[in-house]
Amino acid sequence: MTAGGDEIGTGMTSTTTLDPSSVAPILDVEDLGVTFSTETGDVPAVRGVSLRVRPGETLALVGESGSGKSTIALAAMGLLSPNATASGRASIDGTDVVAASEQTLDGLRGQTVSMVFQEPATALDPLTRIGAQIAEVIRNHRSVSARAAATEAVELLRRVGIPDPEQRSSAFPFQLSGGQRQRVVIAMAIANEPRLLIADEPTTALDVTVQAEILELLRRLAIDTGTGVLLVTHNMGVVADFADRVAVMLQGEIVETGPVEEVLLRPQHAYTQRLLAAVPRLDVAEPGTVRSVTPVAEPVTTGTPDGRHGETPVVDLRGVGVTFGRGRRAVHALDGIDITVHAGETLGLVGESGSGKSTAARVALGLIAPTTGSASLFGQDLRRTKGRARRALQAGIGVVLQDPVASLDARMDVGECIAEPLRVHRRGMGAAERDARIAEVLDAVRLPRGLANRAPRELSGGQRQRVSLARALVLSPRLLVADEPTSALDVSVQQTVLEVITELQDELGFACLFVSHDLAVVQHFAERVVVMRQGRIEEQGPTSSTLLHPETDYTRRLLAAVPVPDPVLQRQRRTERQAALAAGATDLDDGRATGAADVTVGEAPADGPRS
């Protein structure tokens, strides 16, 4: 293991038994530098980076947002923006992409090398059906008929775990959940079995069970076809589960590299040590312990809300059912759920993609009317609240969405994005007062006030997410709904965002409905947790007991699928999980294939109304 420089040694423990010294690298980066020209001068993003990826092995690039990880990935694909200047060498299968023509690059992309982009919403054409998009990738590089490409597209959707692939192939991207869109992007990337796969946060939007399945899919691809993988990720559990070697980046340079066990278990550089210290770790009960139930002080309920006598809940869902469509195409997204959230409380909503958790959040926001049951917000029945009274309720809600790129208007600067709720709900506020409020919330989310004049595209992912948080808090809401607010963030920035939310919640006393697939984050951030499956509540109660001593097999299955940032322990957990699944120890149906629809907040479900 080294602190800075090229790799030494190889892990090669998780994907292949090849002797790396005897195989030429499929990706060979030597002294790569990338500089961006901006209005304020040249900004070096990558400096003197050297790394190699050989067939069948996985190299993970980790580091904070803005460290240069994604810039290296884009440089290796020849996809740097026009204002970028690259130096050094980045060769794929012997072709230097830094000096290659666009025609040469077109021949490499999609066949020799493919990329899974971080943000599927921007990687997919919103006006083209997903089956047609996958088929286009196939036909661009292979001489196959349109019918054969369409059939192969359906099979690829099945391989990456999309439910009802024949039906979903005719869907548009907006009709899929965030996790399903990410799986479509992965299907497109592996369509032609490339020799090198560059994966930029490939499991960001996926729940833990689908994440485990996707990693196993990519692992088999590496073993069966010898595909090399450059993995850009902030998830140290994924690194422990999937990578052979790790390169740690800081401010455009590699500060430490080596086999995964060496770097994660015995880090040498101070920055690597800080990075690993920020990783949220899932607490696991000791074998043989049982769940402690204290009915008065710590009520544990299954399928019923955890109420507080004498308090009016901020959110109160009673017997809520939601059905989209009619007849055979009807999708039962929610089925008789009861959820309450109280002032100052954080409730975690977890479950697989398709479990209905984001649909439940939309009901709480008043964006979807329940088919059955009732939904109240701040004590007001949402069915009976209209017009000005409804707008007054909405002014008390802040929303942080999963994808800050899609939620921030690219035509506005940061200040205008934050001020938008003020213009809608505080129309009498003057410009000076508005500017002062923008400055206050930027301070609150730990961002420089000068960012107000910059465009969202000029910010890092972590900065954009904090801008989204600032916009959500600008009206001092009584309820904050956060739908996967940290899924796209590296661990240190994630820690900062969660700290900011906690500090502001302590100060302002708002309730928080926290939708997430990251069980470790939920365990440390939420006071109570609701576990959802197939549109129903599987289990709920205090987080400390529900996730530490789960009562149901389904919750235990979710916990078993969470990767831990210890390569040795993670290999053991993966082996045990695979053995249990093979033996049928968990007789659980896959919730993604039952027709339950999980819809990202602010989007429309397949065949459902747009709200």
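What pLDDT does the protein chain average, and what share of the residues score at least 70? The chain averages a pLDDT (the predictor's confidence in each residue, from 0 to 100) of 84, and 87% of the residues score at least 70.

This is a predicted model, in which local features need pLDDT of at least 70 and side-chain atom pairs count only at pLDDT 80 or more, whereas totals for chains, interfaces and linings use all residues. Residues are numbered from 1 along each chain as its sequence is written, and side-chain values use heavy atoms, with hydrogens and water left out.

View 1. Strands (E, at least two residues) and helices (H or I, at least four) are DSSP runs, numbered from the N terminus. In β13, residues 346-351, six of six residues are buried, meaning under 20% relative accessible area with a 1.4 Å probe, protein chains only. Thr 346, Gly 348 and Val 350 point one way, while Leu 347, Leu 349 and Gly 351 point the other. Strands pair if DSSP finds at least two bridges between them. β13 runs parallel to β18 (residues 511-515) over four bridges, with Leu 349 partnered by Val 515. Five bridges join β13 in the parallel sense to β19 (residues 528-533), where Arg 528 is the partner of Leu 347.

**View 2. Helix α15 and its cap.** Buried residues of α15 (residues 414-425) include Cys 417, Ile 418 and Leu 422. Among the elements covering the buried residues are α16 (431-444) and α17 (461-473). At the N-terminal end, Asp 413 caps α15, a side-chain oxygen lying 3.2 Å from the backbone nitrogen of Gly 415.

View 3. Over residues 585-611, pLDDT stays under 50. Where pLDDT is low, the predicted coordinates should not be read in detail.

Notes: Buried means under 20% relative accessible area, exposed over 50%, partly exposed in between (1.4 Å probe, protein chains only). Contact means heavy atoms within 4.5 Å. A polar contact is a pair of N or O atoms within 3.5 Å; within protein, one must be able to donate a hydrogen and the other to accept it, and residues adjacent in sequence count only if both atoms are side-chain atoms.
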